[in-house]
Amino acid sequence: MHRLSRRCSSLSAVLRHAAAPRRHLAVPLLSSISSQVGEEDAKARWYSVLSSEKSRNYQNLKKDLFLGKRYESTAAESAESNSTPSERYEYQAEVSRLMDLIVNSLYSNKEVFLRELISNASDALDKLRFLGVTEPELLKDAIDFDIRIQADKDNGVISITDTGIGMTRQELVDCLGTIAQSGTAKFLKALKDSKDAAGDNNLIGQFGVGFYSAFLVSDKVTVSTKSPKSDKQYVWEGEANASSYTIREETDPEKLIPRGTRLTLHLKRDDKGFAHPERIEKLVKNYSQFVSFPIYTWQEKGYTKEVEVDEDPAEAKKDEEDGKTEKKKKTKTVVERYWDWELINETQPIWLRNPKEVTKEDYNEFYKKTFNEYLEPLASSHFTTEGEVEFRSILYVPAFAPTGKDDIINPKTKNIRLYVKRVFISDDFDGELFPRYLSFVKGVVDSNDLPLNVSREILQESRVVRIMRKRLVRKAFDMILGISMSDNRGDYEKFWENFGKHLKLGCIEDRENHKRIAPLLRFFSSQSEEQLISLDEYVENMKPDQKDIYYIAADSVNSAKNTPFLERLAEKDLEVLFLVDPIDEVAIQNLKSYKEKNFVDISKEDLDLGDKNEEREKEMKQEFGQTCDWIKKHLGDKVASVQISNRLSSSPCVLVSGKFGWSANMERLMKAQSMGDASSLDFMRSRRVFEINPDHPIIRNLDAAFKTNPDDQDALRAIDLLYDAALVSSGFTPDNPAQLGGKIYEMMGMALTGKWSASSGQFHPTGTQPHVPETVEAEVVEPAEARTQK
C-alpha cells in the first residue's frame, strides 16, 4: 500500500478538500504524478483518483501541484489546540492485487468459472428478451436465443458465445473496467424502480465479480461484443495479474458477430484440461443443466458407413484362372468422424413443473439420474412454499442407507443439491439446510432469493435460511410419516432398519421436533418380542390405571426379557419397552414423555407400579429394617442404601440404579468409551441401591442369622455372594470376576459336601449301574461273614 509522505501536509489537505463530494468506486484507479514542490518534494507522489469523472477539484489539484503551490493541513486550524496536528491518509488499492484476491481467495473451486460465465450469458439473454418487449427493434435480427461453447483442447482455448444484449464501448468500460460493478444489479434496480416492471425477472448475477472468475483458469481473456444499440463491435482484452486492459474496435470481418458476446479464454498451462469437450459437457450438466436457454457444445460425433475395399491382385488373378467372372465387391464398416453442435441442457427442470403433471416414474427417473441410484426411493415429496420465503423442492427418502460410511458421524453429504435461479450452487453443506440426523434425505432445493456470499458457494446465516430449514424439515417428516401410515407395513420396517438411528439421534439433537419424531419411533417390548411397535400402539395397550410408560435398557431382547426387574410387572401384565440399541436410552431420556405419559426406567429406585400398600410397607420396614442396616454396614460404599423391594417376586434381591445415576446399560456404554471419565463413573456407581425380597427364603434366613449371630462369617459371606449375584443378574459387570468365581466355588463346596458320598466310598452316577466284567462272577458276602474271614 502506498501512502502520502508525512512531509507533504499540503497534499493531504487538498485531497481532503477535493474528495468532499466523494463518490465511492469499487476499485480506485492509481496514478502517479511527478512534481517539483520545493527541495523536500522532489520525489514522485502517489495519490488515489477518487472519481472517474474529471472534476473541477481534481483539475485544480493537478494544476496546483505542478505550479508548486502548498496547502496547510486543516488539522492545525484550531488555535486553541496545543496537541500535534494529525495527518489524514487516503486508502489506495492496486488493481492487480485486488484481482489476485478475487481470483485466488473468492472462489474455492476452479471449475465454477464456467458456471459464472454461463450465468452471465443467461443474464444477457434474459435482459434482451425483457427489453425486446418494449423495444422490438432490438430483436430485428431474428437470431435464436442460445449459448454456444467451443473448446480447442490442442491450443487450450475455450470460447463462450451468447446472442444476448451485448455491450457498447461505454458499457465495456463500466462493466468490465470496474471490478464488482454489476450490470445485472443496475438493471434489476431499474426494474424495481419502474412502475411498469412486472413479472419474474430471473437474472442471476448481481455481484459483478462473476466475469473475473475466468482468470481462475486463464492467463488472457478476450471479450468481443456487439450491442444491437450500436453499429460497431468492440473487443476487450485483459490479462491476469495486470492492472490495465485494452478496448478496440473489431475490424476482422471473419470475427464479426450479429449480436451478443463472445468470451475467449486462453487457459493457463496447468488448466488446459478444462478445454476437453468431455470436461466442458460434464461441467455444463453439473452446474448449468437447468438454465432457461439452450446450451450447445462443439462435440465430435461419428456415424458408420460401408465402404468398398480394394481387391488383392493375387486373389483377382486366382479368380480369373478359376473362371469366376461374377464376384461381389468387398466392403467394410468404418466410422466417419465429424464435428457438430449438441444440445446439453434441459430447459425445463422437473421441480418447476406442476406436480399434477409429473408421474411417479418421472420422479423416480429424476432421482436415479441425479443421485446415481439404481433403486427407486421409498417416498418423494414435491412442493412449493410461498410467502416471505419462496422456494421449490423435491425430496426423496432412499430405499437403503449408503454402505461403507456412517452419515451420522459425517454430516457433510452430497444429498441436497442447492440451485439458485436454476443454477447449481453447491451440494456440500454442513447442516445449513438439514440437520445431520436427516442427512439421509436427498433432493433438490431451488430458490430465487437465498442469501449467498459473493462466490455463491456458501450460505450466509440469516433468517431466510432458518425459515427454509424449518420448512424443509417439516416436509421431510411429513414424507416419513406417510411411509409409516402406508398399508404396506414392510416399507416402514425397511425404512426403520436403515434410518431408525437417525431419528433417535434427532431425539437428542432437535428438541423442537420431538412431537414429530416420537410417533415415528419403533421398539420391541415384553409383549411384542418379534415385531416392533410404535409409542402410539404402546399407549393404546396401556392398562386403565397405568400412568407411565415403562422401559428397560439392555444389550439384547433376550437379556431384557430375563431381567429380574420384570418379575412384578409381568405378573401385573404391564408392557415394558425393550431398549436394545445403544442410542435408545439416551433418546428416550431426552423425550421425557409422550402424550403426557412419562417414561420410567424400571431399573431405577423408587419404582411406582400404582399398587402401594402403605400398611404392608410399614410392617416390612419394622421387621427387616435392622436387617437392611446390617447388610448396608457390611457392603459399605458398594451401595448407597439397602431397601425393601416392591418389584421382585421370585428373585431374592436386585441391584437398582439411583434415581439420577446411570443404569447398568448406560454404565456399560460409558465404560466402553475411549475417553470416558473414571471419576464420574465411580460417582455414579456409588448411587446403586440394593433391594431385597422379604418373601424369599434366602432373605428370611439372613434375617434369622442377623437376629441370632450377626457376626457369623458364613452369613457375611452369603451377603457378599448375594450382592455379586445381584450385580450380574441386574446387568452390571463385577469388578473382580475371578473373586466372584472363587466365592461361588466355595459356596458350592459347602453345599455339596457329603451330598452324594456313601459309606463304602463308592460313587455311582444316578441312573447307571456299576460295570462288572463278564468273566468274573459276583460273590455276595454278608457283613458278618466278611468280618469273620478277615
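In the predicted model, Asp-606 occupies the loop that runs between β21 and α17 (614-635). The phi angle of Asp-606 is near 60°, a positive value in a residue other than glycine. Most residues other than glycine have a negative phi. Asp-606 has a relative accessibility of 55% and therefore counts as exposed, since the cut-off for this class is over 50%.

A positive phi is also found at Lys-595, which is not a glycine and has a value of about 55°. Lys-595 is placed in the loop between β20 (593-594) and β21 (597-601). With a relative accessible area of 53%, Lys-595 is exposed.

Asp-584, by contrast, is located in helix α16 (residues 584-591). The relative accessibility of Asp-584 is 2%, and this residue is therefore classed as buried, a term applied under 20%. When neighbours within four places in sequence are left aside, the contacts of Asp-584 are with Lys-504, Phe-523 and Leu-579.

On the surface, a patch of positive charge is formed where Lys-470, Arg-474, Lys-475 and Arg-516 gather. The element that gives the most to this positive patch is helix α10 (residues 463-484), with three residues. Arg-516, another member of the patch, belongs to helix α12 (residues 514-517).

Note on methods: Residues are numbered from 1 along each chain as its sequence is written. This is a predicted model: local features need pLDDT of at least 70, side-chain atom pairs count only at pLDDT 80 or more; totals for chains, interfaces and linings use all residues. Side-chain values use heavy atoms; hydrogens and water are left out. Patches are made of residues with over 30% relative accessible area and no salt bridge: like charges are joined within 9 Å, nonpolar side chains (Val, Leu, Ile, Met, Phe, Trp, Tyr) within 5 Å. Accessible areas come from the Shrake-Rupley method with a 1.4 Å probe; for residues, only the protein chains shown count as cover. A salt bridge is a side-chain nitrogen of Lys or Arg within 4 Å of a carboxyl oxygen of Asp or Glu. Lys and Arg count as positive and Asp and Glu as negative; His and the chain ends are not counted. The place of a charge is taken as NZ of Lys, CZ of Arg, CG of Asp or CD of Glu. Helices (H or I, at least four residues) and strands (E, at least two) are DSSP runs, numbered from the N terminus. Buried means under 20% relative accessible area, exposed over 50%, partly exposed in between (1.4 Å probe, protein chains only). Contact means heavy atoms within 4.5 Å.
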